Amino acid sequence: MDVQGLQMTQTKPVPGLFKRNPPIAGEAEAIESAKAGDAEAFSRLYALHKRRVYTLCLRMLGNVSEAEDMTQEAFLHLFRKIGSFRGESAFSTWLHRLTVNLVLMHLRKKGLNLVSLEETINPSEEDAPKRDFGSRDPQLAGSVDRVALERAVASLPPGYRMVFVLHDVEGFEHNEIATMLECSTGNSKSQLHKARLKLRELLRHPEPSILADLKETAK
Amino acid sequence: MTSPKKPNSHPDLTCAEFQEQLPDLFAAGGNGVPEDPALLAHLKTCENCSALVRDLQYIADQASLLLQPTHEPSDNVWKKIQAEMDSERAQATQPPRNPETK
């Protein structure tokens with residue numbers, strides 16, 4: 001995938017993403033100064049965005065060491081390309097798109113991960129979440145906190161996790177995800193649905209670590 | 001997977017048929033609530049499918065909680081970024097080599 005072509009070329013602003021990623025106080029000034037080569041301004045941008053970029057990498061990769069390496073790569077890429085940011089979308093949206101594409105490129109370069117990603121984008125029927133017939137478990141509403149959800153998301157198969165994080169957490173549209181993951185929009189919709197079904201299953205019948213979080217929430 | 005067909009209170013649509021439409025229903029932005037009268041009728045009369053739709057929407061809503069980052073990279077990450085940026089800046093400011101001085 002051409003990282004430059006995908007996330008450095010700005011497209012029409014997506015209103016939802018501005019809403020999701022409102023401008024941060026002092027960010028615009030820091031961007032302009034960083035474009036002019038101000039090292040201090042770049043460090044401010046790092047301070048403003050490091051947690052979100054790192055959290056995104058960590059969720060996509062599920063590995064601290066790789067997530068730190070990709071955070072480093074993302075900010076170095078930003079350092080080299082910040083001059084091409086024209087402000088047509090929220091800076092954070094632009095930076096996160098850049099990060100997502102770098103992580104996906106990284107996964108594709110690693111043959112093993114590429115295979116596992118494709119396998120879970122087209123999982124075997126045995127791996128797919130079971131359809132929900134006849135169960136009468138209590139509904140989830142009000143019973144799940146972010147820690148339990150975070151753990152459940154981390155335990156999803158990589159392909160499910162990728163689409164869920166990109167769509168439901170990061171706010172990308174199915175057509176954007178399809179481009180990034182090189183699959184059809186139908187496939188993206190289907191993967192997201194299966195991810196949510198799997199999460200429902202995990203949250204209703206939690207593994208011990210998730211169960212502990214749910215009990216903590218209920219206190 | 002072969003989806004079992006379960007009889008339900010709406011004779012025209014099975015749970016499997018209803019649930020097959022869910023990815024598109026959610027993608028259409030209606031929170032899983034269909035405009036199609038047959039789908040809507042099934043949703044209104046099938047407790048199981050309405051609980052499913054409610055849970056899936058709840059999960060999607062809760063996902064927004066994860067947008068706020070909670071993890072922080074180690075200080076080492078910034079040190080490495082700084083070192084690399086310094087190196088690239090130094091390279092960029094170096095005068096071009098004169099081949100005759102070799």
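Helices (H or I, at least four residues) and strands (E, at least two) are taken as DSSP runs and are numbered from the N terminus. The structure described here is a predicted model, in which local features need pLDDT of at least 70, side-chain atom pairs count only at pLDDT 80 or more, and totals for chains, interfaces and linings use all residues. Residues are numbered from 1 along each chain as its sequence is written, while chains are lettered from A and ligands numbered from 1 in the order in which they are written.

Chain A contains twelve helices and zero strands, and its elements run α-α-α-α-α-α-α-α-α-α-α-α from the N terminus on. Burial is judged from C-beta atoms placed from the backbone: a residue is buried if 20 or more other C-beta atoms lie within 10 Å of its own, exposed if 12 or fewer, and partly exposed in between. By this criterion, 41% of the 219 residues of chain A count as buried. Two residues are in contact if their C-beta atoms, placed from the backbone, lie within 7 Å. Of the contacts in chain A with a separation of 6 or more, 72% are accounted for by residues 24 or more positions apart.

Chain B has five helices and zero strands, following the pattern α-α-α-α-α along the sequence. Buried residues make up 22% of its 102 residues. Among contacts in chain B between residues at least 6 apart in sequence, 49% join residues at least 24 apart. Q94(B) lies in the segment after α5 (75-93) of chain B. This residue, Q94(B), counts as exposed because it has 8 C-beta neighbours inside 10 Å. From C-alpha to C-alpha, Q94(B) and L13(B) are 73 Å apart in space, and they are 81 residues apart in sequence.

The two chains meet through 35 residues of chain A, which are in contact with 38 residues of chain B. On the side of chain A that touches chain B, the elements giving two or more residues are α4 (39-61), α5 (64-81), α8 (146-154), α9 (158-169) and α11 (185-204) of chain A. The largest share of this side, seven residues, comes from α4(A). Ala, Val, Leu, Ile, Met, Phe, Trp, Tyr, Cys and Pro count as nonpolar, Asp, Glu, Lys and Arg as charged, and the others, Gly among them, as polar. The residues of the side of chain A that touches chain B accordingly comprise 14 nonpolar, eight polar and 13 charged.

The helix α4(A) bends by about 55° at H49(A), where the bend is the angle between axes fitted to the seven residues ending at a residue and the seven starting there. Just after α4(A), G62(A) takes a positive phi of about 65°. A positive phi is also found at E182(A), a residue other than glycine, with a value near 55°. Most residues other than glycine have a negative phi. E182(A) lies in the loop between α10 (174-181) and α11 of chain A and is partly exposed, with 13 other C-beta atoms within 10 Å.

A nonpolar core is a set of buried Ala, Val, Leu, Ile, Met, Phe, Trp, Tyr and Cys residues joined through C-beta atoms within 7 Å. The largest such core has 67 residues, of which C57(A), V103(A), V163(A) and F164(A) touch the most other members. Its largest share, ten residues, comes from α4(A). Domain 1 (3-109) and domain 2 (114-121 + 140-218) of chain A both give residues to this core, so the core lies between them; the domain bounds come from an automatic or database domain assignment.

Not counting residues up to four places away in sequence, F164(A) touches V153(A), L156(A), L192(A) and A195(A). V153(A) is found in helix α8 of chain A and is buried, with 24 other C-beta atoms within 10 Å. Leaving aside neighbours within four places in sequence, V153(A) is in contact with R59(A), R161(A), F164(A) and L199(A). The C-alpha atoms of V153(A) and R196(A) are separated by 9.4 Å, although the two residues are 43 residues apart along the chain.

Helix α6 (residues 91-109) of chain A is mostly covered, as 15 of its 19 residues are buried. The expected span of a helix is 1.5 Å times one less than its number of residues. For α6(A) this span is 27 Å, which agrees with the 27 Å between its end C-alpha atoms. E176(A), found in helix α10 of chain A, counts as buried because it has 21 C-beta neighbours inside 10 Å. E176(A) and L98(A) are 78 residues apart in sequence and 13 Å apart in space, C-alpha to C-alpha.
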